[in-house]
Every structure is written in C-alpha cells, then in structure tokens.
Amino acid sequence: TCYSVSYSSVYEIYVPRSYVPKQAVPLVIVGHGGNSTMSAAYARSTALSYINAYKAALGETLGAVVVAPATERGWSPIGDSLIFSTISKVSREYHIDPNRIFVVGQSMGGHLAWRSAMTFTDRWAGVSPQSGGYTDYVTNHTIENIYGLPGYGTWGTTEPYGLTQTNQILKAWLEANQFPWTMVQKAGGHE
C-alpha cells in the first residue's frame, strides 16, 4: 500500500530473477496512463499491464525492481506523494540504490514523469516521459529545472490532445539549450 495525506492505494511490483538482497539494484517507478475517473480495479489492472510491458527490458535486462503505483484519481496533485511513499516502502523491503531511481510514464504517467523531473530533479537518476508534457513548461521556464538530469522522451506522430506538437516544441527547446535529453518521435499515436 502507498499513501497520500487523504488517500491510499496499492502498487504492482516486479522483482528481477537476478535480485539478491546484498546487492543494491536500480528502482524504476512507472506512472501508468488513464484518467482521474477510472475505478480502483481498473487502475490496478492498468498498473499491472505497465509492469508486464516493462519487466523484460527494465527488470530482467537492467536488473531493476519495477514498481507501478495505481491511482484512480490521476497523478495530480497526489502523484508525487504516491511516488515517494512507494519508494519508501519498496526501499525498506528491497536493497534499492538511492542513486539509481528512475521515473518513466506514459500518457497521464508521462505528465507525471515531466512534473517529477522538474520538481524533484535531484532525486532521479533519469526520467522517461512518453506521450506526455505541456508547452507551459517552456513558457513558465520550469523546464529549466531539469538541467543536468538525463532524459529520454518519446511520442507518436499522430498523438491526440496536441501532444505531437507539444513534444516537438519541448524537443526544440531542449536541443537549443543543449540539455542532455534524447527526444524521439515514433510512428503511431498514443499507444
């Protein structure tokens, strides 16, 4: 269970087969997609689908513990609270390297990854927002907060909600200001 001030939730977790307690391992926090009107059961099944999607590459290949908190309330404003309570709990149960904690998220979780990168830059080893983001990050200068934080962002050529154009703007700003990010537009949409 993970907690916010007035909210508790659950998370799905994947521990790699190579895990041994005496060796510190990376932790990847996964922000699932969805919306703030999904049921708790649907949020949990969505979190599990993200674990299943990431466990081979992030869990087995990188040897990371992969955890996806479930939220039916969306990620704002409770997202950071759920992330940090999850990190706290998982770090008590597994030997997590505090210098190798990453945040990845898609759609609603992609927005979470961007916000967490800008708000808690010094807490992450890297972030990977997928199909998320807002142009406000450039106009209100919060994108400047991620200087020095490695990132890898992706989005599709046919994203809804203007996300294709938004990510092109974010990419242009990051490149113009020489931030250590790789931004990749892929074929497809919001999947």
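This is a predicted model: local features need pLDDT of at least 70, side-chain atom pairs count only at pLDDT 80 or more; totals for chains, interfaces and linings use all residues.
1. Seven strands make up an open, mixed sheet, and its order reads β3-β5-β4-β6-β7-β8-β9. At the edges sit β3 (11–14) and β9 (181–186), each of which pairs on one side only. From one strand to the next, the twist averages 15 degrees.

2. **β4 and its two partners.** Seven of the seven residues of β4 are buried, so the rest of the structure largely encloses this strand. On the β6 side, β4 is joined by six bridges and the two strands run parallel. If you want a residue pair to look at there, Gly 31 has Gly 105 of β6 as its bridge partner. Towards β5 (residues 65–69), β4 has three bridges, and that pairing is parallel too. Here you can pick out Leu 27, which stands opposite Val 65 in β5.

3. **β7 and β8.** Further along the sheet, β7 and strand β8 (residues 151–156) run parallel and are joined by two bridges. Gln 130 stands opposite Thr 154 of β8. As a reminder of what holds such an arrangement together, strands of a sheet pair through backbone hydrogen bonds, either parallel or antiparallel.

4. **α3 against the sheet.** Helix α3 packs on the sheet and touches β4 (25–31), β6 (96–106), β7 and β9. The direction of α3 makes about 135 degrees with that of β6. Ten of the twelve residues of α3 are buried, so the helix is mostly covered. Among the buried ones are Met 108, His 111, Leu 112, Trp 114 and Met 118. The geometry checks out as well: at 1.5 Å a residue, the twelve residues of α3 (residues 108–119) should span 16 Å, and the end C-alpha atoms are 17 Å apart, which agrees.

5. **Ser 128, worth a click.** This serine lies in strand β7 (residues 126–130). Is Ser 128 buried or exposed? Its relative accessible area is 14%, so Ser 128 counts as buried. The side chain of Ser 128 reaches the backbone oxygen of Tyr 152 at 2.7 Å. Leaving aside neighbours within four places in sequence, Ser 128 is in contact with Val 103, Val 104, Gly 105, Ala 113 and Tyr 152. Ala 113 is one of the buried residues of α3.

6. Arg 44 forms a salt bridge with Glu 12, and the closest N and O atoms are 2.6 Å apart. This pair links distant parts of the chain, with Arg 44 in helix α1 (residues 40–61) and Glu 12 in strand β3, 32 residues apart. Arg 44 is partly exposed, at 40% relative accessible area. Glu 12 has 15% relative accessibility, so that residue counts as buried.

7. Lys 89 and Glu 93 form a salt bridge with the closest N and O atoms 2.4 Å apart. Lys 89 counts as partly exposed at 22% relative accessibility. Glu 93 is also partly exposed, with a relative accessible area of 41%.

8. **Arg 100 and Asp 97.** The side chains of these two meet in a salt bridge at 2.8 Å, N to O. Arg 100 counts as partly exposed at 32% relative accessibility, while Asp 97 is buried at 16%.

9. What does the side chain of His 190 make a polar contact with? The partner is the side chain of Ser 107, at 2.7 Å. Not counting residues up to four places away in sequence, His 190 touches Gln 106, Ser 107, Ser 131, Glu 159, Pro 160 and Leu 163. Along the chain, His 190 and Thr 158 are 32 residues apart, yet their C-alpha atoms are separated by 7.4 Å. With a relative accessible area of 23%, His 190 is partly exposed.

Conventions
Residues are numbered from 1 along each chain as its sequence is written. Side-chain values use heavy atoms; hydrogens and water are left out. Helices (H or I, at least four residues) and strands (E, at least two) are DSSP runs, numbered from the N terminus. The expected span of a helix is 1.5 Å times one less than its number of residues. Buried means under 20% relative accessible area, exposed over 50%, partly exposed in between (1.4 Å probe, protein chains only). A polar contact is a pair of N or O atoms within 3.5 Å; within protein, one must be able to donate a hydrogen and the other to accept it, and residues adjacent in sequence count only if both atoms are side-chain atoms. Contact means heavy atoms within 4.5 Å. Two strands pair if DSSP finds at least two bridges between them. Axes are lines fitted to C-alpha atoms, for helices over the stretch in contact, and angles run from 0 to 180 degrees between N-to-C directions. A salt bridge is a side-chain nitrogen of Lys or Arg within 4 Å of a carboxyl oxygen of Asp or Glu.
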